[in-house]
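This report goes through one protein model, from single residues to the whole chain. The sequence and structure come next.

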Amino acid sequence: MAEPLTITPIGVVVGGRTEPTDDHWGEQAIIRLNADFPHEVVQGLEEFSHLVVVWHFHRAAPTDVALHARSPRNDPRWPPTGTFAHRNHRRPNQLAQSFPRLLKVDGLDLHVADLDAVDGTPVYDLAPYFSQMGPRGPIRQPDWPGEMLSDYWADPQE
């Protein structure tokens with residue numbers, strides 16, 4: 001087995017949502033990269049429309065990890081599924097990936113929309129989204145994610 005990985009945040013989410021909730025993640029936010037990075041770390045990034053962002057559910061407790069099957073959002077309308085069939089903070093490392101739209105680059109501030117992380121969230125890695133590296137072939141999923149996430153990106157003001 002590999003040795004545990006120790007990683008340091010490369011930045012933090014500034015602004016946007018202040019409290020985690022299940023739906024309505026339409027706000028804009030800033031990913032503020034560490035001030036000790038040279039500005040050239042973002043050179044060319046403004047040419048991309050979307051990012052891949054790895055971040056930590058920093059408000060979750062280790063006791064939130066759930067290594068068993070359960071219904072998504074504890075809603076009995078949806079079938080019990082295992083930990084790795086969910087995309088929430090109950091995962092062993094409590095890490096997440098998001099694919100926000102990159103609105104602009106301002107120094108080491110990356111202005112984004114549709115980042116489903118809250119103000120103060122540590123960011124551990126990011127990269128531009130390359131469509132050529134996205135999923136190949138048809139996408140398959142059960143009906144419940146579409147039902148559950150129908151309001152995920154809905155405007156929070158509506």
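His-24 has a relative accessibility of 28%, so it counts as partly exposed; buried means under 20% relative accessible area, exposed over 50% and partly exposed in between, with a 1.4 Å probe and protein chains only. His-24 sits in the loop between strand E1 (11-14) and E2. Its phi is near 65°, a positive value in a residue other than glycine.

Arg-73 belongs to the loop between E3 and strand E4 (95-98). Its phi, near 55°, is likewise a positive value in a residue other than glycine. Arg-73 counts as partly exposed because its relative accessibility is 30%.

## Basis of the model

The model is predicted: local features need pLDDT of at least 70, side-chain atom pairs count only at pLDDT 80 or more, and totals for chains, interfaces and linings use all residues. Residues are numbered from 1 along each chain as its sequence is written, and side-chain values use heavy atoms, with hydrogens and water left out.

## Elements and overall dimensions

The protein contains 1 helix and 7 strands, where helices (H or I, at least four residues) and strands (E, at least two) are DSSP runs numbered from the N terminus. Read from the N terminus, the order is β-β-β-β-β-β-β-α.

Along the principal axes, the C-alpha atoms fill a box of roughly 50 × 40 × 35 Å.

## Burial, contacts and surface

Of the 158 residues, 34% count as buried. Among contacts with a separation of 6 or more, 73% are between residues 24 or more positions apart; contact means heavy atoms within 4.5 Å.

The protein exposes about 10300 Å², and carbon and sulfur atoms supply 53% of that area. Accessible areas come from the Shrake-Rupley method with a 1.4 Å probe, and for residues only the protein chains shown count as cover. There are 13 positive and 22 negative charges, and their mean positions are 6 Å apart. Lys and Arg count as positive and Asp and Glu as negative, while His and the chain ends are not counted. Each charge is placed at NZ of Lys, CZ of Arg, CG of Asp or CD of Glu.

## Aromatic pairs

The model has 4 aromatic pairs. Rings of Phe, Tyr and Trp (its six-membered ring) pair if their centres lie within 6.5 Å; planes under 30 degrees apart count as stacked, over 60 as edge-to-face and the rest as tilted. One of the pairs, Phe-48 with Phe-130, is stacked, at 5.6 Å centre to centre and 25° between the planes. The partners are 82 residues apart: Phe-48 is in the loop between strand E2 (28-33) and strand E3 (51-56), and Phe-130 is in the loop between strand E7 (122-128) and helix H1 (144-148). Phe-48, at 28% relative accessibility, is partly exposed, and so is Phe-130, at 38%.

Tyr-152 and Trp-153 form an edge-to-face pair, because their planes stand at 85° with the ring centres 5.0 Å apart. Tyr-152 is buried, at 17% relative accessible area, whereas Trp-153 is partly exposed, at 43%.

## Val-105

Val-105 lies in strand E5 (residues 101-106) and counts as partly exposed at 25% relative accessibility. Apart from neighbours within four places in sequence, Val-105 contacts Val-42, Leu-45, Glu-46 and Leu-110. Val-12 is 93 residues away from Val-105 along the chain, and their C-alpha atoms are separated by 15 Å.
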